[in-house]
Structure formats: C-alpha cells, structure tokens
Amino acid sequence: MALSLTILVGTMTGTADLVAQEVQTALETAGHAASIRMMDDLDASVFHPGGMFLICTSTYGQGDVPDNAQALYASLESERPDLSAVTYGVIALGDLTYKDTFCEGGMRFDTLLTELGARRVGEILKHDASSGTLPEEIAAQWIVPWAELAMVASTDTLAGKTTDAVSE
Ligand SMILES: Cc1cc2nc3c(=O)[nH]c(=O)nc-3n(C[C@H](O)[C@H](O)[C@H](O)COP(=O)(O)O)c2cc1C
C-alpha cells in the first residue's frame with residue numbers, strides 16, 4: 001500500500017517550499033505519491049472531501065503563520081468545517097531566537113486542525129533555523145518513519161476504526 005498526500009506550503013522566503021520538494025522526493029523514492037500546493041489563495045475547501053495532508057509552514061511576526069497562509073488559516077477559523085476525514089502531519093519551521101513563539105505557525109495549524117476533528121499522525125517536526133542544520137535534510141529523513149505511521153493510520157481509517165490520533 002502506498003500513500004497519496006498533499007503537501008500544503010506556507011512560506012515567506014521559500015525555505016518551506018524547498019523542504020516540501022525534498023520531502024516529496026523522499027516520499028516518491030519510497031513509492032508514495034505526493035503533490036505540493038502553495039497555500040496562496042487556498043481556503044478551507046482544499047481539505048474537502050478529506051484525505052492525507054502534510055502542513056509545511058514557517059513562522060513570522062509574533063508567532064503568526066506566513067502571509068501566504070493567512071487566508072487559508074482565516075478560512076478554517078471562520079468556516080469551521082468538519083475535518084474528521086482528514087489525517088495530517090506538520091513540519092514547522094522556526095528559529096529558537098524567537099523563543100516565546102518558536103514554530104508557532106505550524107503549531108497554530110495543528111491546534112486548529114485538531115479542533116476541527118482532523119487526526120494528526122506522529123509528532124510535529126520542529127526545525128530551528130539557528131541550529132545550523134538544513135531543514136530540507138532533516139525533513140527528508142523524518143518523513144520516512146512518518147510515512148510508515150501514516151500508512152497505519154490509513155489502514156485504520158479504511159477498517160473503520162475511530163481510535164485516537166496515531167502518535168508516538
Ligand atoms: C521577521 C521574521 C520573523 C520571524 N518570526 C519567528 C517567530 O516568531 N517564531 C519562530 O519560530 N521563527 C520565526 N522566524 C524564523 C522563520 O520562521 C524561519 O527562518 C523559517 O525557516 C523561514 O522559512 P520560510 O523561508 O519558509 O519562510 C522569523 C523570521 C523572520 C525573518
């Protein structure tokens with residue numbers, strides 16, 4: 001069985017897009033299918049009728065989502081669709097220099113999606129830009145075990161199980 005997922009990219013200066021491309025390559029190498037959509041001009045309907053998503057976003061301002069993610073985030077907040085058919089993961093880019101708002105862009109999406117009934121697979125990957133590591137390399141390694149967890153979650157969904165989020 002292979003995954004088919006959509007990577008939604010929130011970015012200001014392109015890092016999250018680069019990360020998404022490396023993750024897409026790693027997923028395709030592992031036999032999965034992944035498409036990338038920039039969050040620009042998207043609204044809550046992107047999650048209809050459900051499926052597997054990966055949120056890949058940076059953080060700006062005072063722990064805000066980037067400009068190109070604002071409309072999607074606001075649409076989810078105002079329309080509050082039922083996302084119980086959505087399973088997702090989160091790659092959150094940030095910088096620990098902003099210690100009070102570290103990676104909050106990705107964490108805000110996580111909180112909102114969970115509130116709306118979506119199920120998160122695994123833990124959030126948080127990358128610190130001040131660490132000296134390359135987020136695209138970290139993410140390309142992280143995505144392989146994440147995809148294994150996501151396949152278990154997909155199997156459970158197909159089997160009609162309604163257990164809590166698959167996480168470790
Ligand atoms: C003006 C500015 C504000 C930022 N604010 C935060 C923040 O509040 N929290 C955080 O964790 N990172 C913050 N960052 C760091 C970025 O999220 C990080 O560098 C990220 O890798 C950028 O990814 P992008 O190129 O996809 O936008 C900020 C960076 C800049 C330049």
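Author: Let's start with a term: a nonpolar core is a set of buried Ala, Val, Leu, Ile, Met, Phe, Trp, Tyr and Cys residues joined through C-beta atoms within 7 Å. Keep in mind that this is a predicted model.

Reader: Okay! How many residues does the largest nonpolar core have here?

Author: The largest one has 44 residues. Those with the most contacts inside it are Ile7, Val23, Phe53, Leu54, Cys56 and Tyr88.

Reader: Can we zoom in on Cys56? What does Cys56 touch?

Author: Leaving out residues up to four places away in sequence, Cys56 touches Ile7, Leu8, Val9, Ala16, Val19, Ala20 and Ile91.

Reader: New topic: the ligand. How many residues surround the ligand, and which are the closest?

Author: There are 20 residues around the ligand, and the closest are Thr11, Thr13, Thr15, Ser58 and Gly94. Helix 1 (15-29) and strand 4 (86-94) are the elements that give two or more residues to that shell.

Reader: How do the residues of the shell divide into nonpolar, polar and charged?

Author: Nine are nonpolar, nine are polar and two are charged.

Reader: Now helix 3. What should its twelve residues span?

Author: Helix 3 runs over residues 104-115, and at 1.5 Å a residue it should span 16 Å. Its end C-alpha atoms are 16 Å apart, so the two values agree.

Reader: Which residues of helix 3 are buried?

Author: They are Glu104, Gly105, Gly106, Met107, Arg108, Phe109, Asp110 and Leu113. These buried residues pack against strand 1, strand 3, helix 2, strand 4 and strand 5.

Reader: What about the stretch on either side of helix 3?

Author: Cys103 sits in the loop between strand 4 and helix 3. Its phi is positive, near 60°, although Cys103 is a residue other than glycine. Cys103 is buried because 25 other C-beta atoms lie within 10 Å. Helix 3 is followed by Gly117, which also has a positive phi, near 100°.

Reader: Is Arg80 buried, exposed or partly exposed, and why?

Author: Arg80 counts as partly exposed because it has 13 C-beta neighbours inside 10 Å. Arg80 is in the loop between helix 2 and strand 4, and its phi is positive, near 45°. For context, most residues other than glycine have a negative phi, and most peptide bonds are trans.

Reader: Speaking of peptide bonds, where is one cis?

Author: From His48 to Pro49, with omega near 5°. Pro49 lies in the loop between strand 2 (33-38) and strand 3.

Reader: And Pro66, is that one buried or exposed?

Author: Pro66 counts as buried, because it has 21 C-beta neighbours inside 10 Å. The loop between strand 3 and helix 2 holds Pro66. Its contacts include Gly10, Thr11 and Gly105.

Terms used
Residues are numbered from 1 along each chain as its sequence is written. This is a predicted model: local features need pLDDT of at least 70, side-chain atom pairs count only at pLDDT 80 or more; totals for chains, interfaces and linings use all residues. A residue is near a molecule or strand if its C-beta atom, placed from the backbone, lies within 6 Å of it. Helices (H or I, at least four residues) and strands (E, at least two) are DSSP runs, numbered from the N terminus. Ala, Val, Leu, Ile, Met, Phe, Trp, Tyr, Cys and Pro count as nonpolar, Asp, Glu, Lys and Arg as charged, and the others, Gly among them, as polar. The expected span of a helix is 1.5 Å times one less than its number of residues. A residue is buried if 20 or more other C-beta atoms lie within 10 Å of its own, exposed if 12 or fewer, and partly exposed in between; C-beta atoms are placed from the backbone. Two residues are in contact if their C-beta atoms, placed from the backbone, lie within 7 Å.
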